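Q: I am new to this structure. Can you take me through its features one at a time?

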Amino acid sequence: MNLRLTESAGWRSLAEHVKQIGSRHLRELFAAEPQRFDHLSCRHGKLLIDYSKQRLSGETMRLLRELAEQADMAGWIERMRSGEAINHTENRGVGHTLLRAGAAAPPEVKTVLTRMQDFCERIHSGEWRGYSGERITDILNIGIGGSDLGPHMAAQALAAYQLPDTRVHFVSNLDGADLATMLDHLSPRTTLFVIASKTFTTLETITNARTARDWLLAASGDDKSVARHFVAASTNLKATSEFGIAPENVFEFWDWVGGRFSLWSAIGLSIALAVGFRNFEQLLAGAHDMDEHFFEAPFADNQPLTLALLALWNTNFLKAHSHGVFPYSHSLALLPAHLQQLEMESNGKHVDRQGLPVDIATAPILWGTAGTNGQHSFFQLLHQGSELVASDFIALAKSDFPLPGHHSGLLANCLAQSSALAFGQTQKEARQAGIPEALLPYRAFPGNQPSTTIVLPALTPFTLGQLIALYEHKVFCLGVLWNLNSFDQWGVELGKQLAGRLAPCLRGESPTDTLDSSTRGLIEHLRKFRN
């Protein structure tokens with residue numbers, strides 16, 4: 001893009017438009033347009049996105065879509081779809097949509113999926129046995145980042161589909177407390193470890209994997225038992241072989257699969273083991289359905305693009321630099337954590353595709369938790385704090401665990417919170433409700449906090465696939481609009497490099513005289529207690 005988007009006619013139009021509408025209250029907007037829901041919502045199949053509680057109008061959306069056209073959004077979508085190396089700093093294409101393309105998937109993807117299916121069937125049928133001859137009852141996924149967050153989130157989200165005889169667990173933290181407390185509850189005779197690491201060199205993952213191997217060998221006393229209890233999702237066959245994993249038990253994926261987009265690949269093996277391979281296929285099918293919608297739908301109906309344009313409006317024009325995600329589903333409790341990596345690792349950049357400093361805010365800070373828990377902690381800030389915070393509410397029309405009397409109350413809270421954030425309560429309304437005069441300032445709620453509500457008909461493997469892909473494509477669209485490469489993550493690497501240099505210093509194996517005084521002082525203090 002030669003001309004910066006902020007210099008385009010579309011951006012200037014939005015900058016003028018926000019002067020007219022940016023200060024208008026949602027009460028006023030709804031009074032002027034009582035039927036906002038009808039034209040400020042979009043559907044794809046049974047998936048509904050209601051953005052009528054956003055601080056905008058139909059004219060705002062028209063201007064935002066024009067901006068997307070000026071950013072050549074359609075061209076960028078086609079570049080990704082065709083496999084062009086749009087990850088230009090690593091000279092790679094972006095092919096995670098190929099992993100879930102069904103019959104149109106590349107042959108190598110189909111081969112790995114067939115191998116995953118065969119492996120899952122061997123585990124679930126009891127054909128695959130541990131070193132003692134007992135069947136596998138527990139799976140422990142060892143990974144970090146995209147090799148943990150995505151599979152962990154999806155496995156928990158699909159708890160209603162969990163197979164009865166297989167329990168799947170996840171460990172990611174380098175802190176020994178994570179792995180040690182997990183191993184305390186497992187048996188080496190019946191536990192299978194899935195080591196999820198593209199390079200098989202990631203410090204946290206390999207440290208945990210070696211400790212798990214030592215734990216197994218202490219029980220079995222036989223190096224050959226490693227091959228019965230360890231498999232890997234990796235590209236480094238040499239390292240996996242040296243670890244003791246048989247080549248036929250290594251499930252491949254490719255450098256065009258970014259970590260935060262990898263749950264659709266062999267990294268998703270733990271998901272398939274948790275819920276069965278057929279349900280994993282449905283997860284892929286749901287994502288593929290959203291891919292086709294994203295690739296083909298016109299801008300006015302395109303759900304991922306709509307979410308991206310709302311985020312751009314809130315971030316760059318209304319100056320909301322924080323975004324909350326609140327799934328009113330305990331099963332989706334880990335979704336905000338997955339989206340934190342997806343959005344902030346992708347678009348948390350201050351340099352554009354030309355290597356120039358960006359001239360606008362990019363990714364907002366994303367955070368959140370499951371409702372209704374958040375209502376009893378940080379929602380106070382949303383209702384009466386001083387910051388503008390945009391929100392996504394996610395609701396299920398039908399519960400995945402339908403206990404009598406629970407789900408209607410959960411949905412009522414979801415709808416009530418988005419309504420209260422939008423419309424608030426005036427002092428006059430509080431007075432009419434009988435609030436004493438002295439308390440009126442404390443019982444007034446300004447409202448005007450923008451939110452979007454996403455409604456799934458139910459939480460199934462298919463709809464979960466749709467939901468995750470919806471957010472993935474939103475991130476891609478924002479990268480196009482902000483002129484960022486959403487598919488590298490060089491900021492992650494610097495801390496890893498520094499940690500590699502500091503570990504010997506903490507062990508007393510390297511001098512500290514070249515370090516800054518703060519780091520040197522902290523190391524000296526820590527070593528006193530470690531020794």
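Q: What share of the contacts in the chain with a separation of 6 or more comes from residues 24 or more positions apart?
A: A contact means heavy atoms within 4.5 Å. Here, residues 24 or more positions apart account for 75% of the contacts with a separation of 6 or more.

Q: What kind of model is this, and how are residues numbered?
A: It is a predicted model, in which local features need pLDDT of at least 70, side-chain atom pairs count only at pLDDT 80 or more, and totals for chains, interfaces and linings use all residues. Residues are numbered from 1 along each chain as its sequence is written, and side-chain values use heavy atoms, with hydrogens and water left out.

Q: What percentage of the residues is buried?
A: Buried means under 20% relative accessible area, exposed means over 50%, and partly exposed is in between (1.4 Å probe, protein chains only). In this chain, buried residues make up 52% of the 531.

Q: How many helices and strands are there?
A: Both are DSSP runs, numbered from the N terminus: helices are H or I with at least four residues, strands are E with at least two. The chain has 21 helices and 11 strands.

Q: What is the strand order in the open sheet of five strands?
A: Two strands pair if DSSP finds at least two bridges between them. The order is β4-β3-β5-β6-β7, and the pairing is parallel. β4 (167-171) and β7 (250-251) stand at the edges with a single partner strand each, so one side of each is left without a neighbour in the sheet.

Q: Which residues stand opposite each other in this sheet?
A: Take β3 (residues 138-142) and β4 first. Five bridges join them, and Leu140 stands opposite His169 in β4. Five bridges also join β3 to β5, again in parallel. Next come β5 and β6 (residues 230-233), with four parallel bridges. Ala196 has Ala233 in β6 as its bridge partner.

Q: Is β5 enclosed or open?
A: Check burial along the strand. Six of the six residues of β5 (residues 191-196) are buried, so the strand is largely enclosed by the rest of the structure. Thr191, Phe193 and Ile195 point one way, and Leu192, Val194 and Ala196 point the other way.

Q: Which strands pair with β2?
A: β1 (residues 41-44) pairs with β2 (residues 47-50) in the antiparallel sense over four bridges. Arg43 stands opposite Leu48 in β2. The hairpin of β1 and β2 has two residues between the strands, and Gly45 takes a positive phi near 60 degrees there. Three bridges join β2 to β11 (residues 451-456), also antiparallel. Leu48 stands opposite Val455 in β11. Both faces of β2 are covered: Leu47 and Ile49 are buried on one side, Leu48 and Asp50 on the other.

Q: What do the buried residues of helix α5 pack against?
A: First, list them. In α5 (residues 73-82), Met73, Gly75, Trp76, Ile77 and Met80 are buried. The buried residues of α5 pack against α4 (58-70), α13 (277-296), α14 (303-317) and α19 (461-482). Just after α5, Gly83 takes a positive phi of about 90 degrees.

Q: Which residues other than glycine have a positive phi, and where is a cis peptide bond?
A: Most residues other than glycine have a negative phi, and most peptide bonds are trans. Asn91 has a positive phi near 55 degrees. Its place is in the loop between α5 and α6 (107-125), and at 64% relative accessibility Asn91 counts as exposed. Phe200 has a positive phi of about 60 degrees. Phe200 lies in the loop between β5 and α9 (203-220), and at 5% relative accessibility Phe200 counts as buried. A cis peptide bond joins Gly371 and Thr372, with omega about 10 degrees. Thr372 lies in the loop between β9 (365-367) and α16 (379-384).
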